[in-house]
Amino acid sequence: MKNIIYKSILSLFITTLFVSCDDTEITEINSNGVPEITLSENTVVLTEANSELDALTVTWTDPDYGFDAAPMSYKILIDTIDGDFSSPESATANTPFQKVFTAQQLNALLIALELAPNEEAQVKVKIEVVLSTVNSIYSEAVNLTVTPYPALSDISTTWGIVGSATPNAWDGLDVPFYKTDIEDVFATYVHLIDGEIKFRENNDWTVNYGDTGVDGTLEGGGDNIVVTAGTYYITMDLNNLTYTLQPSTEDIWGLVGDATPNAWDGPDWPFYPAGNDVYVTYVNLINGQIKFRLNNDWGVNYGDTGVDGTLESGGDNIDITVEGIYKITMDLFNQTYTLELIP
């Protein structure tokens, strides 16, 4: 009787094995079914001034996989012209068959490939269709000629904005300026209140500029510049000794909390966009807590629940236990942040 049962079980196992093998053959990937990729531009020159504008659209076809498939994700892979895509830079597409890159987003990938800023180079682009954790289909690579601009990691400056209209008033730490793709032309985003501002170097009055005559030109030791409350994109051009104050409608990320200059009431201490959903700022913090929020409002905010360096929507306040000047990086692409105390 036992032998009959064992033989029955073995027969059932062998039958199941063959059925499983048949299923595997049925779902075999069609090796000829690959996506075809198209670029909106063959040559792209990226500039910080156009960082928020669309720079490149990548589209691709929906191939015949050989079976009904719902891809897990689509990835755009970018490598140097001599690369073999063994370690490319990549970006995930949020919608099927198309990815639109702003200049910021594309520039971040190119800088990560260690391309020289402000120099023309060629890269290769392909699509990865991720079908499972072990199976992907790749398009043929197409070439793209690009010119990136300097990365944010290399754009901190010694210049800043001081004044009664700024978060730290006349005492500083000044709101920092950042380099642009033009030598000695700096820019920043800032939330100002009604008051006055000046530009100065090294948080010190030794070298400072104002505007005597209210004509948009800078004079050493010149008059304070009167401003009204609002969010501004401010540039300072040391080549021509000029400046601009442009009211900004861009979404601005900032720091809020009792460790920041304006505590929990704001206006928040602003971040500067680095591209690819990465933001950076330099700020003087005291003992207390901070959070990240959008446009001086609690509608969209992030904290860190678990104190593990990851960002959670509406998460816990982040404790600051050592006072000092910090470089803070917020990476919304990977939902992480870093706090670096500056010596």
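A residue is called buried when its relative accessible area is under 20%, exposed when that area is over 50%, and partly exposed in between, with a 1.4 Å probe and protein chains only. Thr235, at 16% relative accessibility, therefore counts as buried. The model described here is predicted, so local features need a pLDDT of at least 70 and side-chain atom pairs count only at pLDDT 80 or more, while totals for chains, interfaces and linings use all residues. Residues are numbered from 1 along each chain as its sequence is written, and side-chain values use heavy atoms, with hydrogens and water left out.

Thr235 is a friendly place to begin. This residue is found in strand 17 (residues 230-237); helices (H or I, at least four residues) and strands (E, at least two) are DSSP runs, numbered from the N terminus. Contact means heavy atoms within 4.5 Å. Leaving aside neighbours within four places in sequence, Thr235 is in contact with Phe177, Phe186, Ala187, Thr242, Tyr243 and Thr244. With Thr244 there is also a polar contact between the two side chains, at 2.4 Å. A polar contact is a pair of N or O atoms within 3.5 Å; within protein, one must be able to donate a hydrogen and the other to accept it, and residues adjacent in sequence count only if both atoms are side-chain atoms. Gln246 is 11 residues from Thr235 in sequence, and their C-alpha atoms are 8.6 Å apart in space.

Two strands pair if DSSP finds at least two bridges between them. Strand 12 and strand 17 pair in the antiparallel sense over 8 bridges, and Val185 has Asp237 as its bridge partner in strand 17. Strand 12 (residues 185-192) is largely enclosed by the rest of the structure, because 8 of its 8 residues are buried. In a regular strand the side chains alternate between the two faces of the sheet. Here, Val185, Ala187, Tyr189 and His191 point one way from strand 12, while Phe186, Thr188, Val190 and Leu192 point the other way.

Strand 12 pairs with strand 11 as well, in the antiparallel sense over 2 bridges. Lys179 has Phe186 as its bridge partner in strand 12. These two strands form a hairpin with 5 residues between them, and Asp184 in the turn has a positive phi of about 60°. Strand 11 (residues 175-179) is in turn joined by 3 bridges to strand 10 (residues 156-162), and the two run antiparallel. Ile161 has Val175 as its bridge partner in strand 11 and stands opposite Phe199 in strand 13. Strand 10 and strand 13 (residues 195-201) pair in the antiparallel sense over 4 bridges.

Phe199 brings the nonpolar cores into view. Such a core is a set of buried Ala, Val, Leu, Ile, Met, Phe, Trp, Tyr and Cys residues joined through side-chain atoms within 4.5 Å. The largest nonpolar core has 39 residues, of which Phe199, Phe292 and Ile328 touch the most other members. A second, separate core of 29 residues includes Ala91, Ala103, Leu106 and Ile137.

Ile328 is also one of the contacts of Thr281, as are Tyr178 and Phe271. Thr281 lies in strand 22 (residues 278-285) and is buried, with a relative accessible area of 0%. The side chains of Thr281 and Trp269 are joined by a polar contact of 3.0 Å.

Another part of the model holds an open sheet of 3 strands, in the order 1-3-6 and with antiparallel pairing. Strand 1 (37-39) and strand 6 (98-102) are the edge strands, each pairing on one side only. The twist averages 15° from one strand to the next. Helix 2 (residues 103-112) packs on the sheet, touching strand 3 and strand 6, and its direction makes about 90° with that of strand 6. For these directions, axes are lines fitted to C-alpha atoms, for helices over the stretch in contact, and angles run from 0 to 180 degrees between N-to-C directions. Between strand 1 and strand 3 (residues 54-60) there are 3 bridges, and Ile37 stands opposite Trp60 in strand 3.

Finally, Lys124 has its place in strand 7 (residues 121-130) and counts as buried at 15% relative accessibility. The side chain of Lys124 reaches the backbone oxygen of Gly83 at 2.5 Å.
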